[in-house]
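Here is a short report on a two-chain model. Please keep the sequence and the coordinates open while reading.

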Amino acid sequence: MSTLTLPDPDRAVLARRNDIVKQLKRLVPEAVLIADLEGRRAFETDALTAYRCVPLAVVLPRTTEEVSAILRFCHDNHVKVVPRGAGTSLCGGALPLEDAIVLCLSRMSKVLEVDTENRVARVEAGLTNIAITEAAAAQGFFYAPDPSSQIACTIGGNIATNSGGAHCLKYGVTVNNLLGVRMVMMDGEIIDIGGSYLDAPGYNFLPLITGSEGQLGVVTEATVRLLKKPEGARPMLLGFDSTESAASCVAAIIAGGIVPVAIEFMDRPAIHVCEHFANAGYPLDVEALLIVEVEGSQDEIEYLLEKVEDIARDFFPSVTRRSQSPEEAALIWKGRKAAFGAIGQLSDYYCMDGVIPLSKLPKALDEIGWICRKYRFDVANIFHAGDGNLHPLILYNANDSVQLERVELCGEEILKLCIALGGCLTGEHGVGIEKRELMYEQYTDEDIDQQVRIKEALDPSWLLNPGKVFPIEGRGARKLRGLELHQLEALEPELVEGHDVP
Amino acid sequence: MTVHMRLGFHAPETEDELVDLVAEALDTRTPLEVMGRGTKREVGRPVGSGAVVSTENMVGVSLYEPTELVLVAKAGTPIAEIEALLAESEQELPFEPVDLGPVLGYGPGEATIGGVIGANLSGSRRILKGAARDHVLGIKAINGRGEKIKSGGRVMKNVTGYDLGRTLAGSWGTLAIMTEVSLKVLPAQREVRTVICFGLTDQTAIEALCIAMGTPYDVSGTLHMHAALAEQFSDEEIAGAEASVTALRVENFPSSARYRANSLKQALLAYGPALELDTERSKVFWNEVRTLKMFQGKPNPLWRVSTTPSCAAKLVGNLSRKFEIRAAYDWSGGLVWIETPPLTDGGSVDIRRTLAEFGGHATLIRADDAMRAGIDVFQPLDPPLAALSAKLKHAFDPLGIFNPGRMYQE
């Protein structure tokens, strides 16, 4: 492990491990409890595989009531809890702690209700993203957010990170498609928020919960919006001789009053890897490729593609190709969705998730290239261009600790660049452990304190997924040792001010 | 030494002045009534503070990038000004905020963007494009400790830390005073078509609206109202129909909007689509819907009810057996505006009891001070959610100086 610091484990809890396991077993006899080392090791990491930590125990409940009993027990016994869906987090959001139990919701995977009249589905949190669409597909409906990991990732995890996906340019991200949750607070209280109507009463807790990385409560059920499948959808490929032209073309399409359902961007390394992997039919002699997808009736699709082509012409695309069949369209998307896996077969990669204003796209890509060259890494860029959400994949060797440290510095510089250009650290992956220390780049003490106060209001003992999101160095570390904010403020002023950004 | 805060009306021009004002209120434990230009001041339990703080002097669009679909405005900027600016670039606020001004005795378009977001006001297009809060990309605000806070930013996607901006949407100035909001905007639709059916019963109309929402034609408005309400509209065919009006809107580029309207008529053949409004008439009609034209000019209690669409007609039916009501359904039935007779409780007990059966919640939008002081204007929450709400309030405003009691008794 490189530069990462985790909160000091609670020795008393570690010492009581056997007892805790025994009590949990008695408390929720129907739940699966994994206590042996081999079994626990399967949960030691998520998709940010550079970091690992074997948890105290893993428990897989079946019902909200079991989740409630487990959380109440952990609350009363001061045991930390790391909620987990499918473990596909790219930011270490589900990284366990030595003194924490992992609360894995993957067995809570039932579709509870598909109501196409009111266009909602109620599902358990451990259901995979794709399974919602599968459950509604027979009636012609779908669930819109489509992260690349959608065949594996769970709706609970999607809520924790406010996942997006290629098609969120038109349909929005998780927060825009979530109508209600059943959630268990750290003290075991079960709370229902919203339902099968478009606005929940009272304060807007849904957007607060969405993207809170499992730190405020454990969502066990979700009510989501279903949408009718479009009559048709068709992607086209636009290839360019320079990344700048492709980037400028994206901005021009949006400026032209067209908001396609998706605009995906791939640079040369990404194109080659994906083509090799998926035989998607991507042109190999271009520097950048855009996948632009539009939806509607046959005529609408033709009209929109025509307009996109017109706009693109100003940027001299070397390839302009409309997909001619559903099979070809599926292949085009297969290549894109397989990108992370394909690149992963070649090399370890560090996946960034910064967001920048669209007009800064050419500059950002140029600078990212420069930063990676400076650190002597190859980079592949593949991302949702329409909303400026970049995913540079920095290729490195994870077994080389020097490279790991260097790649993190390289990533940090890229994220600082995103902020300097007016953007943010993360668009859809979350802060997790990965970007925690960079929070002060984007926010002031007061900004972060306000978030921390909410965390403390809902989980005063910091038991739920601690060590994530907030900077752990400086004042963050003191908070994790259990000093609440009002206590902090009573400390000498220089101590309170002295937060160190590493 | 206790210094009493200057009571009366304060309208700071800068964030720093506002910080000083909040600090002064904190020092003197003076509750503040928070508002923009006050067009929704009569919503919620009367705050009854002698000190009013308004953002009306914090105005101006600080950033508008049509090519990036983003606009950043100071909280006090009038919505009309923002929409006029957007229109110059053929763009709009996709959530089409409902304009409560005219039913509350103010002019149209007077509300501020801070007020619109603070009340999370979404209009008919909410069913397609999402709520006001969905378009919030970031905010700046002053919390109840007198600290400047921000959340989010000006980019389209952002999961950096908790989403305080969207959390503040719909908090009616009780958590923090927003000073700036950053919003996602979209290209305006050039062609608008409205398909209208006359004389449907409520139940049949909701059924038709739900069928329409289950088509792939991106229906962006689904309204049903009784004949007596339709009379208020300026379109002669609608006003003179002497029948209930069920209206469905589609938008896009011209050939597509026409295609969608035709397809929709086919899908709703059994419901007898009888009239199609062109772009011009459609715009007039939906603008009137946006200002709740059908409920203007009367002082009767007006409720905003959110429920599951398929329950809406039954809910209204049950209520009509208790007292005479006038109802208009938006959001394919998911939003019901209900005007009740001037009962002492505005019908609160019956409305909430009926809602308990169907699910959903009700907010009293129009009522006199006495009625608002006497009943729960906002839906009373289940105890666990109420406790959670109190914690959230405390996390933003520990001394409870912002709009105390406006949403919930403290």
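The text below goes from domains to the chain contact, then to a sheet, a helix and a loop residue.

This is a predicted model, in which local features need pLDDT of at least 70, side-chain atom pairs count only at pLDDT 80 or more, and totals for chains, interfaces and linings use all residues. Residues are numbered from 1 along each chain as its sequence is written, while chains are lettered from A and ligands numbered from 1 in the order in which they are written.

**Domains**

Domain bounds come from an automatic or database domain assignment. They are listed here for both chains.

| Chain | Domains (residue ranges) |
|---|---|
| A | domain 1 (11–104), domain 2 (111–228), domain 3 (233–340), domain 4 (347–420), domain 5 (437–497) |
| B | domain 1 (1–188), domain 2 (191–293), domain 3 (298–383) |

In chain A, the centres of domain 2 and domain 3 are 29 Å apart, taken over C-alpha atoms. Five residues of domain 2 of chain A contact nine residues of domain 3 of chain A. Contact means that C-beta atoms, placed from the backbone, lie within 7 Å. The domain 2 side of this contact in chain A has two nonpolar, two polar and one charged residues. Here Ala, Val, Leu, Ile, Met, Phe, Trp, Tyr, Cys and Pro count as nonpolar, Asp, Glu, Lys and Arg as charged, and the others, Gly among them, as polar.

In chain B, 26 Å separate the centres of domain 1 and domain 3, again over C-alpha atoms. There, 10 residues of domain 1 of chain B touch 11 residues of domain 3 of chain B. The domain 1 side has six nonpolar, two polar and two charged residues.

**Chain contact**

Chain B gives 67 residues to the contact and chain A gives 72 residues. Elements giving two or more residues on the chain B side include α6 (202–213), α9 (254–267) and α14 (383–396) of chain B. Helices (H or I, at least four residues) and strands (E, at least two) are DSSP runs, numbered from the N terminus. The largest share of the chain B side, eight residues, is from α14(B). By class, the chain B side holds 26 nonpolar, 27 polar and 14 charged residues.

**A sheet in chain A**

Five strands of chain A form an open antiparallel sheet, in the order β5-β6-β10-β8-β9. Strands pair if DSSP finds at least two bridges between them. The edges are β5 (111–115) and β9 (190–194) of chain A, each pairing on one side only. From one strand to the next, the twist averages 10 degrees. β5(A) and β6(A) pair over four bridges. A:Asp115 is opposite A:Val120 in β6(A).

Helix α5 (residues 129–137) of chain A lies across β5, β6 and β10 of chain A, at about 135 degrees to β6(A). Axes are lines fitted to C-alpha atoms, for helices over the stretch in contact, and angles run from 0 to 180 degrees between N-to-C directions.

**A helix and a glycine**

Which residues of helix α11 (residues 268–278) of chain A are buried? They are A:Ala270, A:Ile271, A:Val273, A:Cys274 and A:Ala278. Buried means that 20 or more other C-beta atoms, placed from the backbone, lie within 10 Å of a residue's own. These residues pack against β13, β14, α13, α14 and β17 of chain A. Just after α11(A), A:Asn279 has a positive phi of about 45 degrees.

B:Gly36 sits in the loop between β2 (32–35) and β3 (51–54) of chain B. B:Gly36 is buried, because 29 other C-beta atoms lie within 10 Å. Beyond its neighbours within four places in sequence, the contacts of B:Gly36 include B:Ser54, B:Ala75, B:Ala111 and B:Gly115.

Key
Two residues are in contact if their C-beta atoms, placed from the backbone, lie within 7 Å. A residue is buried if 20 or more other C-beta atoms lie within 10 Å of its own, exposed if 12 or fewer, and partly exposed in between; C-beta atoms are placed from the backbone.
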